[in-house]
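Have a look at the picture below, then read on.

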Amino acid sequence: MSVSFKNIQKTYLNNSKPVICNLNLKIKEGEFLALTGPSGSGKTTVLRMLAGLEKPTSGEIFMDKKNIMNIPSKDRFISMVFQQTNLYPYMSAAKNISFVLKSSGLAKSKIELLVKDIMRDLELTQFSSYMPSMLSGGQKRRVAIARAMVRVMAKKARIFLLDEPLVNLESRLKTKISLQISALQKEFKITTIYVTHDETEALDIADKIVVLDKGILQR
């Protein structure tokens, strides 16, 4: 699924200065794009607008040339890793991951297999029954990544958004999981936007890199 941002402007009510200023950006179907830039440059806002969690002040967003401005977030076929892990506090790690597939129509055995595989790959198997309050910051981060990845594996998402996904992870896990994300993207050929302030990380993982600075796309 291709994505296009056309003349996107985003201004918050308490701030007259635009967070995003006249953004025009095209992402090809199946492309892996890294969106980088300094903190506060508007990277997260771009993802949240595409996901339908925030509305642009003006401009339009298209998926496969279809204007999605009035399409609810739940109907955009997007899987996203947020900066905050946003785990369900009364569900175990395994249930947090499987919950996103509850209404997918997949057989219970298929869901269990997908969850088992992704927990093994992200070294979470021993924490499957842990509640979020029992997990470290890095473990919560991996559960959140697994939850997003399993939707891609189940073919229930057509766009994959990752917002600083490797924060709070040790160097070894960062390397391992970035390779897994890259492999997943290539296997399922899913259009992916990966937000990071780390240009080296962006170069290692993405097909294309764009830079935001003070809400302006740098050419």
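## A serine and its neighbours

In this predicted model, a polar atom of the Ser73 side chain sits 2.7 Å from the backbone oxygen of Ala51. Leu53 is 20 residues away along the chain from Ser73, yet their C-alpha atoms are separated by 6.5 Å.

You'll find Ser73 in the loop between strand S5 (66-67) and strand S6 (78-81). Strands (E, at least two residues) and helices (H or I, at least four) are DSSP runs, numbered from the N terminus. How exposed is Ser73? Its relative accessible area is 31%, so Ser73 counts as partly exposed; under 20% would be buried and over 50% exposed (1.4 Å probe, protein chains only).

## Helix H4

H4 is mostly covered, with 14 of its 17 residues buried. Just after H4 comes Lys155, with a positive phi of about 60°.

## The largest pocket

A pocket here is an open set of points on a 1 Å grid over the protein atoms alone, where a 1.4 Å probe fits, with protein on both sides within 12 Å along at least five of seven lines; lining residues have an atom within 4 Å of a point. The largest pocket has a volume of about 750 Å³, that being the space filled by probe spheres set on the points. It is lined by 24 residues, and Lys74, Ile78, Ser79, Val100 and Arg151 lie nearest its centre. S6 and H4 are the elements giving two or more residues to this lining, and H4 supplies the largest share, four residues.

## The second largest pocket

The second largest pocket holds about 220 Å³ of space. Its lining includes Leu166, Lys174 and Asp204. Helix H5 (171-188) gives the most, six residues.

## About the numbers

Residues are numbered from 1 along each chain as its sequence is written, and side-chain values use heavy atoms, leaving out hydrogens and water. Since this is a predicted model, local features need pLDDT of at least 70 and side-chain atom pairs count only at pLDDT 80 or more, while totals for chains, interfaces and linings use all residues.

Terms used:
Polar contact = N/O pair within 3.5 Å; in protein donor to acceptor, adjacent residues only side chain to side chain.
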